[in-house]
Amino acid sequence: MDDRIKRIYVPMTESGFYILFCLQAPQHGYGISQQVKQLTGGTVTIGAGTMYGTLSKMEQDGLIRFFSEENKRKLYLITELGQEVLALELKRIERLYINSKGVSVDA
Amino acid sequence: MRKTLFRYYTIADYMEEEDWLRREHQSGWKLISMTIPGIYTFESCAPEDVIYRLDFKNNEQTEGYMQMAADFGWEYFDQCMGWLYFRKPAAAAGAEGEDELFSDNASKAEMAEKIMKKRYIPLLIIFFCCLLPNMFNSMNGFMGPYSTFFTIFFGIMFVVYVFLLLHCGIKLKKIRDQYKE
């Protein structure tokens with residue numbers, strides 16, 4: 001993973017995180033937004049413009065790839081690079097959570 | 001019944017324009033079309049709370065984007081100078097919690113940045129490369145017998161431009177900084 005990807009995506013925006021997280025299975029933009037709403041109990045909503053922009057950028061940067069087309073809707077899927085970024089983010093979020101409980105993490 | 005109103009919103013006033021269109025719809029006037037330099041045609045309709053959103057796409061919108069907007073419940077009804085006009089009944093947006101095209105700070109800041117890059121900077125270039133040189137030429141009498149006329153013309157343009165550039169520059173920067181992390 002090059003430094004540019006790290007700089008842009010670690011840490012990533014909340015919308016970005018949920019979009020990448022959902023794309024561990026093939027999904028289109030509206031499907032992702034529904035899934036995120038359900039996962040977060042409606043706390044996190046992603047607008048159409050934000051969704052489209054994030055998907056385009058992630059595809060360009062190789063974090064996700066075009067999977068198939070269904071009724072004029074593009075389905076995307078996470079790539080290997082995307083998995084790496086997601087793993088880094090998850091590790092960071094876990095650390096934040098553990099530290100917030102007043103516990104230190106091992107080096 | 002139809003009515004036509006004239007309003008001038010600069011490239012930095014899109015949020016005010018959205019609010020105004022929403023108020024018009026609440027009082028029973030639905031926007032049909034918008035053309036430069038600010039002619040809005042409305043059609044009478046049942047008063048309803050409808051959210052209007054403008055998206056600056058600079059004529060680069062794809063079919064995929066329009067499909068996604070439709071999936072999210074946005075009705076696209078017009079475009080003007082690279083701006084797309086969308087609307088969605090507030091009731092539908094409330095149920096879905098999605099009353100915005102750009103839902104997070106990063107993408108809101110990005111839209112302001114895009115307007116700066118694709119609209120504001122070209123305006124600056126026109127100002128410095130076309131308006132100023134022509135104004136100085138006419139002030140120095142290089143435009144022959146009509147120099148006085150041109151001096152007045154460019155003088156008015158100069159004032160308008162300075163006002164527009166200051167207003168838009170300050171406001172777009174403010175919008176961007178407000179959302180930029």
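# Exercises on a two-chain predicted model

Buried residues make up 31% of the 107 residues in chain A, and the coordinates used throughout these exercises belong to a predicted model.

## Exercise 1. The make-up of chain A

Task: Describe chain A by its secondary structure elements, its extent and its contacts.

Solution. Begin with the inventory, which for chain A consists of 5 helices and 2 strands. Reading from the N terminus on, these elements follow one another as α-α-α-α-β-β-α. Next take the extent of the C-alpha trace, which along its principal axes spans about 50 × 35 × 20 Å. Finally, turn to the contacts in chain A with a separation of 6 or more, of which 49% are accounted for by residues 24 or more positions apart.

## Exercise 2. The buried face of a helix

Task: Determine which residues of helix α3 (residues 29-39) of chain A are buried, how they are arranged about the helix axis, and what they pack against.

Solution. Apply the cut-off first: a residue is buried if 20 or more other C-beta atoms lie within 10 Å of its own. In α3(A) the buried residues are Gly29(A), Ile32(A), Ser33(A) and Val36(A). Viewed down the axis of α3(A), these buried residues fall within an arc of 100 degrees, so they line one face of the helix. The partners against which the buried residues of α3(A) pack are α2 (14-22) and α4 (48-60) of chain A, together with α2 (63-71) of chain B. Beyond the helix, α3(A) is followed by Gly41(A), whose phi is positive, near 60 degrees.

## Exercise 3. The contact between the chains

Task: State how many residues each chain brings to the contact between chain B and chain A, and characterise the side that belongs to chain B.

Solution. Count the residues on each side, which gives 19 residues from chain B and 19 residues from chain A. On the side of chain B that touches chain A, α2 and α4 (105-139) of chain B each supply at least two residues, and α2(B) gives the most, with 6 residues. Sorted by class, this side of chain B has 8 nonpolar, 5 polar and 6 charged residues.

## Exercise 4. The two domains of chain B

Task: Locate the domains of chain B and describe the contact between them.

Solution. Chain B is divided into domain 1, covering 2-96, and domain 2, covering 105-179. Taken over C-alpha atoms, the centres of domain 1 of chain B and domain 2 of chain B are separated by 26 Å. Their contact takes 5 residues from domain 1 of chain B and 11 residues from domain 2 of chain B. The residues that domain 1 of chain B contributes to this contact divide into 3 nonpolar, 2 polar and no charged.

## Exercise 5. Two sheets in chain B

Task: Work out the strand order and the edge strands of the sheet that contains β1(B), and then those of the sheet that contains β4(B).

Solution. In the sheet that contains β1(B), 3 strands form an open arrangement in the order β1-β3-β2, with antiparallel pairing. The edges are held by β1 (2-6) and β2 (29-35) of chain B, each with a single partner strand, so one side of each is left without a neighbour in the sheet. Neighbouring strands of this sheet are turned by 25 degrees against each other on average, direction ignored. The antiparallel pairing of β1(B) with strand β3 (residues 39-44) of chain B extends over 5 bridges, and Leu5(B) has Tyr40(B) in β3(B) as its bridge partner. Helix α1 (residues 14-26) of chain B lies across β2 and β3 of chain B and runs at about 140 degrees to β2(B).

The sheet that contains β4(B) is likewise open, with 3 strands in the order β4-β6-β5 and antiparallel pairing. Its edge strands are β4 and β5 (75-80) of chain B, each of which pairs on one side only. Strand β4 (residues 50-56) of chain B has 6 of its 7 residues buried, so it is largely enclosed by the rest of the structure. The bridges that join β4(B) to strand β6 (residues 83-89) of chain B number 7, while 5 bridges join β5(B) to β6(B). Phe86(B) in β6(B) is the bridge partner of Arg53(B) and also of Tyr76(B).

## Exercise 6. A loop tyrosine

Task: Decide whether Tyr8(B) is buried or exposed, and describe its surroundings.

Solution. Tyr8(B) lies in the loop between β1 and α1 of chain B. With 9 other C-beta atoms within 10 Å, Tyr8(B) is exposed. Leaving aside neighbours within four places in sequence, Tyr8(B) is in contact with Pro37(B) and Gly38(B). The C-alpha atoms of Tyr8(B) and Tyr40(B), which are 32 residues apart along the chain, are separated by 9.9 Å.

Terms used:
Residues are numbered from 1 along each chain as its sequence is written. Chains are lettered from A and ligands numbered from 1 in the order in which they are written. This is a predicted model: local features need pLDDT of at least 70, side-chain atom pairs count only at pLDDT 80 or more; totals for chains, interfaces and linings use all residues. Domain bounds come from an automatic or database domain assignment. Two residues are in contact if their C-beta atoms, placed from the backbone, lie within 7 Å. Ala, Val, Leu, Ile, Met, Phe, Trp, Tyr, Cys and Pro count as nonpolar, Asp, Glu, Lys and Arg as charged, and the others, Gly among them, as polar. A residue is buried if 20 or more other C-beta atoms lie within 10 Å of its own, exposed if 12 or fewer, and partly exposed in between; C-beta atoms are placed from the backbone. Helices (H or I, at least four residues) and strands (E, at least two) are DSSP runs, numbered from the N terminus. The arc is that of the directions from the helix axis to the C-beta atoms. Two strands pair if DSSP finds at least two bridges between them. Axes are lines fitted to C-alpha atoms, for helices over the stretch in contact, and angles run from 0 to 180 degrees between N-to-C directions.
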